[in-house]
Structures are given as structure tokens and as C-alpha cells.
Amino acid sequence: MNGHFQDVKLEKGMYSVAGSSFTAVLEREDPSERYKGTALEGLDAFQRQLKRFDIKVKGSASDPVEKFFQTAQSAVLFPEYIARSVRQGMEEADLLPSITAAVTRIEGMDYRPVTSVPEKGKKELRRVEEGTTIPQTQVRSQENLVKLHKRGRMLVCSYEAVRYQKLDLFSVTLRQMGAHISRQLLEDAIGVLEKGDGNDNAAEALRVGTAPIGGTAGKLTYSELVDFWAQFEPYEMNTLLVSGDVMLQLLKMEELQNPLTGLNFQGTGKLISPLGAELLRTGALGRGKLIGLDKRYALEMVKASDVMVEYDKLIDRQLERAAITTITGFAKVFGEASKVLTV
């Protein structure tokens, strides 16, 4: 039983099973439950295949790229190694989990989101007297579809150029590609937060020095931050996406230099604003801008695919211009749960 992973037949077709990833197909052939209580417990089906062919992808003793191509079956593992390394890079640089309320997986390139519309003036939970009508919240489909976009990077190199390259170092390049893809997706998300998803739900645009935000245009102080925070009722401003120049202004605020704030930053690497909102710095946001949002209600991430690679090319060692892509889009959940402030 413990040696079943040695007998799995690997072939290209495992990448083209509808509705299943390569690892999911492997897991069906070689379930991880078989290995509970053994030395292989904790490894997934793909990692067991790496062990089967003695391919080391990490550490100073990692193998060269050509180790994947020692047999026709081991070559089938190469596209999944590429995809996993890219996903790791995406996760390392990913701010999206901090700003998305839900992730929806679909098949196709178009998606019709839903929204809820409370009766005017009845967003709050109020006492319902006997015999009176209970306030309603209407849930309906949005008028316009949300379009998903393919985002990715092109792997451009020859097999000869990388065949002797250690996998540990090659993974660094792939993780960087993942970080670039993550940045593209964040730009898409910020675009939807600011301008909406095509359903007349752009974020309210506020400006320092213009009511209801006080202060002087071009300068952000704690007072203006409080004014901005006050605009979110009945939502909660628990996340702030800020540009680099706005982050500098925030860090210079006396209120942000509170010893407890500094201690939290030193201990966890996370910055919390004086108002309790998590601060996320990103170069994907224009200068002088910050987006406040209630991450529980503001944004939905819609995924039509995880990281996809051109497995035929990679298995056949045709690395020249092999595309690595993902199909993702974003939809607003509650338009009032995010607002944009220009300093």
C-alpha cells in the first residue's frame, strides 16, 4: 500500500481533465489517506512523485532542472513544479486576501454578481412592533456582467540555458514572476474598488480640504483621517490601502508613533493605524490616494482558473515563450463599503 505512488502512470492528459487540477488528478490515483502513520504522511501526491524520482527542488543540494527530464514520466511533473513556484510567489506578495470578502470560482469568462438593496433608510436593525411590516433587503442580480481578464507572464528561455540551473535558484525566478502576476491582479482589484465593476457602483470620492473632509489639500493629518473614518457608518473602516507618499505622511503622524503601535510593527511587521485599520502600502495606487474599506463587505474575487501553464511546451522542453496565466476578475459587493480619499 505504501508503495502505491511508485506505480502511478504519469501522462500529459492529467493536465487536461475538466474541473480538476493536476494535483487533484494525482490525489485520486494516489490518495494521501493511504499514508497516514507512515514516513510519507504530510506529503501530497505531487510531493510523493518528486520523492519517487528523487527530485530535490529546495536547499543547497537541490537538483538541476534537467533532473525532471530523466524519464518521460518525470517530465510530466515539470509544469506542476512551475505552477507551484509561481503560486508561491503570488502568495508571498499577495495583498488580496486582506481586501476581499469572498472568493468565487466559476467556469467561463463572464460573471453576473448579486447585490442586496435595503429599503431606503432601513439599513439599521430596528425594533419591529407587533403587526408592522418587517424591513426588507432585496437580493438581486446586477445589471451588467463582470468581465474576467487573463493575467500572466511569459517564460522566455531555452532549455539549454537552464538545464544545469539548480532548481532552488530557478524557483526564485518563478516566484518573482508570481509576484508580478499578483501585482497585476491587485491593480485590477483597485480599479474595481475605485471605479466599480460596471454596475454604477464606483466608490465615493472624497478630497482633503473639501467637505465633509477638513484640512488643507495636499496634507494629511490625524484630523482628516478621523473625518474619513466617520464616513463609513454603518460599515467599519478596517483596512487602508495607501500609496507610498501617503504612507510616509501617516508614519510621520504623532498618533502613529504611539509606542504600542511601534511595538506591534516590530513584533509582527504589520502596521495598524490609530483608528485600528490595517495599513497596506502598494505602488499600484496613484500618488496622494488612499482607499478605505470594510474588507468584510467590499470586494468579491472571481476566479475562472488557478495558475495555468502551457504544459505541452514545458514537458517537451520547449520553454521558449511558454505562457503562465490566471483568469480572474473582481466585483463590488456593497458599494458603500469602500471609499477613496485624495490628499
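1. Leaving out neighbours within four places in sequence, Ile 99 is in contact (heavy atoms within 4.5 Å) with Leu 186, Ala 189, Leu 193, Thr 239, Leu 241, Leu 280, Leu 293, Lys 295 and Leu 299. Ile 99 is also named, with Phe 68, Phe 78, Tyr 81, Ile 82, Leu 241 and Ile 324, among the residues that touch the most other members of the largest nonpolar core, a set of 63 residues. H6 gives the largest share of this core, eleven residues. Another core lies apart from it and has 20 residues, among them Leu 206, Phe 228, Met 237 and Leu 256. A nonpolar core here is a set of buried Ala, Val, Leu, Ile, Met, Phe, Trp, Tyr and Cys residues joined through side-chain atoms within 4.5 Å. In soluble globular proteins, nonpolar side chains tend to be buried together.

2. On the basis of the values: this is a predicted model, in which local features need pLDDT of at least 70 and side-chain atom pairs count only at pLDDT 80 or more, while totals for chains, interfaces and linings use all residues. Residues are numbered from 1 along each chain as its sequence is written, and side-chain values use heavy atoms, with hydrogens and water left out.

3. Overall composition. The protein has ten helices and 15 strands; these are DSSP runs, helices being H or I of at least four residues and strands E of at least two, numbered from the N terminus. Of its 343 residues, 43% are buried, where buried means under 20% relative accessible area, exposed over 50%, and partly exposed in between (1.4 Å probe, protein chains only). Among contacts between residues at least 6 apart in sequence, 76% join residues at least 24 apart. The accessible surface comes to about 18200 Å², and carbon and sulfur atoms account for 49% of that; the areas come from the Shrake-Rupley method with a 1.4 Å probe, and for residues only the protein chains shown count as cover.

4. Two cis peptide bonds should be noted. One runs from Ala 211 to Pro 212, with omega near 10°, and Pro 212 sits in the loop between strand E7 (204–207) and helix H7 (222–229). Another joins Glu 233 and Pro 234, with omega about 10°; Pro 234 belongs to the loop between H7 and strand E8 (239–242).

5. Asp 54 has a phi near 55° and lies in the loop between helix H2 (45–52) and helix H3 (72–75). Its relative accessibility is 42%, so Asp 54 counts as partly exposed. Asp 200 likewise has a positive phi, near 55°, and is placed in the loop between helix H6 (167–195) and E7. Asp 200 counts as exposed because its relative accessibility is 81%. Most residues other than glycine have a negative phi, and most peptide bonds are trans.

6. Asn 238 is found in the loop between H7 and E8. Asn 238 counts as buried because its relative accessibility is 10%. Its side chain makes a polar contact of 3.2 Å with that of Thr 239 and one of 3.0 Å with that of Asp 294. A polar contact is a pair of N or O atoms within 3.5 Å; within protein, one must be able to donate a hydrogen and the other to accept it, and residues adjacent in sequence count only if both atoms are side-chain atoms. Not counting residues up to four places away in sequence, Asn 238 touches Gly 276, Ala 277, Glu 278, Leu 293, Asp 294, Lys 295 and Arg 296.

7. With residues up to four places away in sequence set aside, Ser 74 touches Phe 53, Ile 55, Lys 67, Phe 68 and Phe 69. Ala 205 is in strand E7 and counts as exposed, at 67% relative accessibility. The C-alpha atoms of Ala 205 and Leu 341 are separated by 6.1 Å, although these residues are 136 apart along the chain.

8. The largest pocket holds about 740 Å³ of space. Its lining has 23 residues, of which Ser 20, Ser 21, Ser 305, Asp 306 and Met 308 lie nearest the centre. Helix H1 (22–29), helix H4 (78–92) and strand E13 (308–309) are the elements that give two or more residues to this lining, and H4 provides the largest share, four residues. On a 1 Å grid over the protein atoms alone, a pocket is an open set of points with protein on both sides within 12 Å along at least five of seven lines, where a 1.4 Å probe fits; lining residues have an atom within 4 Å of a point. Grid points are joined across faces, edges and corners, and the volume is the space filled by probe spheres set on the points.
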